[in-house]
Amino acid sequence: MNCLIVDDEPIAQNILKDFVSKVNHLNLVGCASNANEAFNLVQQGQVDLIFLDINMPGIDGMAFAKIIPQEMHVIFTTAYREYAIAGFDLAATDYLLKPIPFERFLKAIAKAKDAFDSKSHPTSSEKPDFLFVRQDRKMEKVNFDDILYIESFADYIKIHLKDCVSVVRESISNFESKLPASQFLRFHRSFIGNISAITSYTHEFLEIDGKALTISRSYKEEVLKRLQKFE
C-alpha cells in the first residue's frame with residue numbers, strides 16, 4: 001500500500017516514518033505538514049492509505065478527510081481521545097491515540113490491509129450463468145439461458161435446450177439446487193422450467209417450446225404465485 005503521512009509535528013512524522021519502514025507491504029510516498037501539501041500529493045493518484053493528524057493549522061484532519069477520494073483509507077492520529085467518535089463517523093479505518101505504540105500501529109495496519117485487499121480483489125457475490133454437465137466422458141458447458149426445461153426419468157434427467165437435448169445421470173432435485181432460483185421454477189416432481197421460456201399458462205399447464213406440461217397439485221400454489229407477479 002502506498003501511504004502518506006500528514007502531520008504538522010516533525011517528531012510525530014518521524015515516529016510514523018520509522019513504523020512504516022518496518023512494515024514490508026507499506027511504501028511511503030510522501031509526508032506533508034498541512035492539508036494543502038497533502039492535497040497536492042493526493043492529486044497525483046498514488047496514495048492508498050493516509051495517516052492523518054486531526055489537529056493541524058488551516059484545514060484540520062477531519063475537514064480534509066471529507067474532501068479526499070472515498071477509496072483512500074484513513075487512519076487518524078491525534079493526542080485527543082474525544083475525536084475518536086467523530087473519526088469513525090467519517091468511516092475511518094482506524095484511530096490512533098498519541099503516543100502511538102508500535103503494536104497498536106500494526107493492528108491498525110492489519111485492518112487497513114484487509115480493507116485494501118477487499119477493494120482490490122472483491123469477492124463476487126454473483127453466481128456464474130452456466131454450469132458443466134458430463135457428456136460422453138467430458139464436461140460440457142450449459143448456459144442457463146439456453147435451458148427450456150428439465151425433465152426427470154428414473155436416475156436421469158433430460159435437459160431440453162434451445163437446439164438439443166442433453167441426458168445426464170443425476171437426480172432432478174440435485175440439479176435444481178445448482179440452478180438460480182430466480183430464473184427457474186419447479187412445477188412438478190418431474191419438471192423444472194425456465195421462467196423466461198414459458199409462453200403461456202393456465203392453472204393446470206405451462207406451455208414451453210410448444211408443449212403443454214402439467215402443473216402438479218403440490219406445486220400449483222407456489223407456481224401461480226410466482227407467475228402472477230409478472231401480470
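**View 1. The loop that holds Pro-99, between strand E5 (94-97) and helix H5 (102-120).** Lys-98 and Pro-99 are joined by a cis peptide bond, with omega at about -5 degrees. Helices (H or I, at least four residues) and strands (E, at least two) are DSSP runs, numbered from the N terminus. The model is predicted: local features need pLDDT of at least 70, side-chain atom pairs count only at pLDDT 80 or more, and totals for chains, interfaces and linings use all residues. Residues are numbered from 1 along each chain as its sequence is written, and side-chain values use heavy atoms, with hydrogens and water left out.

**View 2. The loop between strand E6 (130-135) and strand E7 (138-143), where Asp-136 is placed.** Asp-136, a residue other than glycine, has a positive phi near 50 degrees. Most residues other than glycine have a negative phi. With a relative accessible area of 73%, Asp-136 is exposed (over 50%; buried is under 20% and partly exposed in between, with a 1.4 Å probe and protein chains only).

**View 3. An open sheet of 3 strands in the order E13-E14-E15, with antiparallel pairing.** Strand E13 (198-201) and strand E15 (211-214) are the edge strands, each pairing on one side only. Two strands pair if DSSP finds at least two bridges between them. Strand E14 (residues 205-208) and E15 run antiparallel and are joined by 4 bridges.

**View 4. The loop between E14 and E15, the place of Asp-209.** Phi of Asp-209 is positive, near 55 degrees, and this residue counts as partly exposed at 47% relative accessibility. Ile-208 stands opposite Lys-211 in E15.
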